[in-house]
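Please open the model in your viewer and keep the selection tool at hand. The tour below goes from one selection to the next and says what is to be found at each stop.

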Amino acid sequence: MINLKAIYVIVLREFKRFFRQRGRLMGTIARPLLWLLIIGSGLSNLVGEEGGLSYRQFMIPGIIGMTILFSSVFSTISVVWDREFGFLREMLVAPISRLTIVLGKLISGTLLSAFQGFILFLLVPLFGFSLDPVEVIQMVLLLILVSLSITSLGLLIASFLNSLEGFNVIMNFMVLPMFFLSGALYPVKALPLFFQYITWINPLSYGVDSFKHVMIGSSGDFGPDFPLAVDLLFLVVFSAVMVLSTSLSFERRQ
Amino acid sequence: MIKVEGLTKVYGPITAIKGIDLDVEEGEFFGFLGPNGAGKTTTINILCTLLKPTSGRAMVNGFDCYTQPHRVRSSIGLVFQEYTLDNDLTAYENLIFHCYLYNMSRRDAERRIGEILEVVDLWDRRDSLVKHFSGGMKRRLEIARGLLHRPKVLFLDEPTLGLDPQTRLNIWDFIERLRRMEGITIFLTTHYLDEAEGCDRVAIIDRGEIIALGSPEDLKKGLEGDTVYLRTSNDREAKRIIEERFGIEVGTIDGGLVFQVRGGERFVPKLFNGFPIEIVSVNIKRPSLNDVFISLTGREIRES
């Protein structure tokens with residue numbers, strides 16, 4: 001049912017493409033740094049410190065979440081891309097199951113996003129955080145889990161779409177609201193109740209929140225909004241549901 | 001090797017193929033001809049398990065295309081109309097990707113890739129990115145790729161579409177060479193009729209139905225000798241006179257007349273002798289598959 005060699009080669013292909021398209025790695029590093037250096041500096045002067053943290057430091061878990069959001073979405077575009085440029089047919093007529101293709105795309109998208117999030121995480125000492133080995137390990141595991149949840153959501157959407165245009169429209173209507181309603185730029189509890197409801201169904205909220213548990217930890221205004229157990233539970237269940245729906249959607253459609 | 005019985009595909013109000021039957025022998029070079037939209041691609045998509053038939057049955061290599069898709073997929077190689085290579089990978093990487101999808105061992109894959117790249121003359125370019133390849137090179141690479149996993153049947157769906165005549169000839173050279181080397185069954189769809197002349201047998205499909213089946217020679221035998229194309233200053237009058245004088249049925253085709261006659265080159269002087277209408281041009285052609293198509297449907301294959 002699942003062909004490991006095929007999964008391996010699908011993942012390998014995505015990694016080769018990632019490193020061959022130089023702009024992608026640059027974008028990964030440049031976009032979040034712009035947010036932190038420019039927006040972070042400006043707002044830090046307005047907002048002031050809270051429990052020993054500057055606003056810019058508060059933003060860092062959110063900006064890592066943003067990096068994962070963008071890179072996961074970009075990875076899942078590859079499904080639509082492959083469909084539009086015909087390469088998907090090469091995979092669809094191979095003697096492998098649809099689930100194998102979905103898993104290949106899921107694993108490659110997850111690892112690539114987690115990798116990009118990790119590169120950014122390695123830069124946090126520049127902004128006054130210290131890194132200890134336990135934190136690094138916790139973060140790596142969380143980065144993978146959060147990447148998995150967002151990539152699986154992106155794959156589900158991509159499985160319904162035929163054109164890059166359609167994908168762009170949907171993503172523009174989803175990606176930015178997901179980012180703004182995730183607690184990345186302000187604590188969830190600072191939002192009006194209606195918007196808070198939306199953050200509760202947004203996987204990125206729980207992802208960013210879990211990063212806050214590791215990096216900020218304290219329970220002040222800048223601290224996490226949900227218990228860590230809730231974050232983990234939501235992310236695991238959400239990913240499982242998405243992966244299952246994506247496989248079904250692929251099986252049915254092609 | 002390929003067996004199709006009463007195959008039908010309905011898309012909403014449109015019936016793309018209407019209960020077709022086909023039987024392709026092992027090792028045969030089979031041509032599937034017809035104008036665009038006749039149902040060629042629909043048939044191929046069913047045969048290669050990408051599409052579910054509405055009714056009827058399709059078997060490849062003894063496996064049912066709908067109920068045993070994996071078995072069928074292992075038995076076939078495909079070259080699609082559109083390019084399906086990854087431009088950001090090298091030629092070699094595209095091929096190794098394919099081998100692993102078909103569960104070949106690394107050693108077998110490497111040996112096979114070397115062997116086939118030599119035949120299609122791309123061994124020297126194996127480490128170049130495919131995006132730098134010309135259309136003809138990409139096609140050759142795709143044909144090579146379709147054969148890597150040693151399929152029983154190779155499907156070529158309009159393999160030379162959009163290529164210049166020189167490159168088309170060149171591609172056919174390679175296909176011929178690979179065919180001799182592998183002894184494989186080939187199922188070709190095309191609307192370039194000259195390419196189908198070399199097939200062992202052809203089926204002509206029009207509007208979802210097979211309207212002729214046989215070797216190119218047999219199909220052409222059914223025609224009344226040569227085809228004469230005639231342009232005159234008054235086609236309507238000329239048509240009437242020829243029909244009256246020689247008792248032949250004359251058709252009209254994009255601004256001219258067309259009819260079939262035995263021994264065309266001896267017939268034309270007889271026709272010109274005392275013909276009351278000015279003749280602008282005349283063209284005699286030995287029967288081709290295109291004429292078969294015209295005589296069956298009254299249309300040219302390329303324009304319909």
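## A tour of chain B

Begin by selecting B:Leu78 together with B:Phe155, which is its bridge partner in β7(B). This is a predicted model, and every stop on the tour should be read with that in mind.

Now widen the selection to the strands around this pair: β6(B) runs parallel to β7(B), which spans residues 153-157 of chain B, and four bridges join the two. Strands of a sheet pair through backbone hydrogen bonds, and the pairing can be parallel or antiparallel.

Next, colour the whole sheet, which is open and consists of six strands of chain B in the order β6-β7-β8-β3-β9-β10, with mixed pairing. At its edges you will find β6 (76-79) and β10 (209-214) of chain B, each of which pairs on one side only. If you look along the sheet, neighbouring strands are turned against each other by 15 degrees on average, direction ignored.

Helix α6 of chain B, residues 165-182, lies across β3 (29-33), β7 and β8 (185-190) of chain B, and it runs at about 160 degrees to β8(B). Helix α11 of chain B, residues 289-297, lies across β3, β9 (201-206) and β10 of chain B, and its angle to β9(B) is about 40 degrees.

Move on to helix α10 of chain B, residues 264-272, and select B:Gly264, B:Phe267, B:Val268 and B:Leu271, which are buried. Turn the view until you look down the axis of α10(B): its buried residues fall within an arc of 105 degrees, so they line one face of the helix. On the other side of α10(B), B:Arg266 and B:Lys270 are exposed. To see what the buried residues of α10(B) pack against, show β11 (226-232), α9 (235-246), β13 (256-261) and β14 (279-285) of chain B. Just after α10(B), stop at B:Gly274, where phi is positive, at about 70 degrees.

Definitions and conventions:
Residues are numbered from 1 along each chain as its sequence is written. Chains are lettered from A and ligands numbered from 1 in the order in which they are written. This is a predicted model: local features need pLDDT of at least 70, side-chain atom pairs count only at pLDDT 80 or more; totals for chains, interfaces and linings use all residues. Side-chain values use heavy atoms; hydrogens and water are left out. Two strands pair if DSSP finds at least two bridges between them. Axes are lines fitted to C-alpha atoms, for helices over the stretch in contact, and angles run from 0 to 180 degrees between N-to-C directions. Contact means heavy atoms within 4.5 Å. Buried means under 20% relative accessible area, exposed over 50%, partly exposed in between (1.4 Å probe, protein chains only). The arc is that of the directions from the helix axis to the C-beta atoms.
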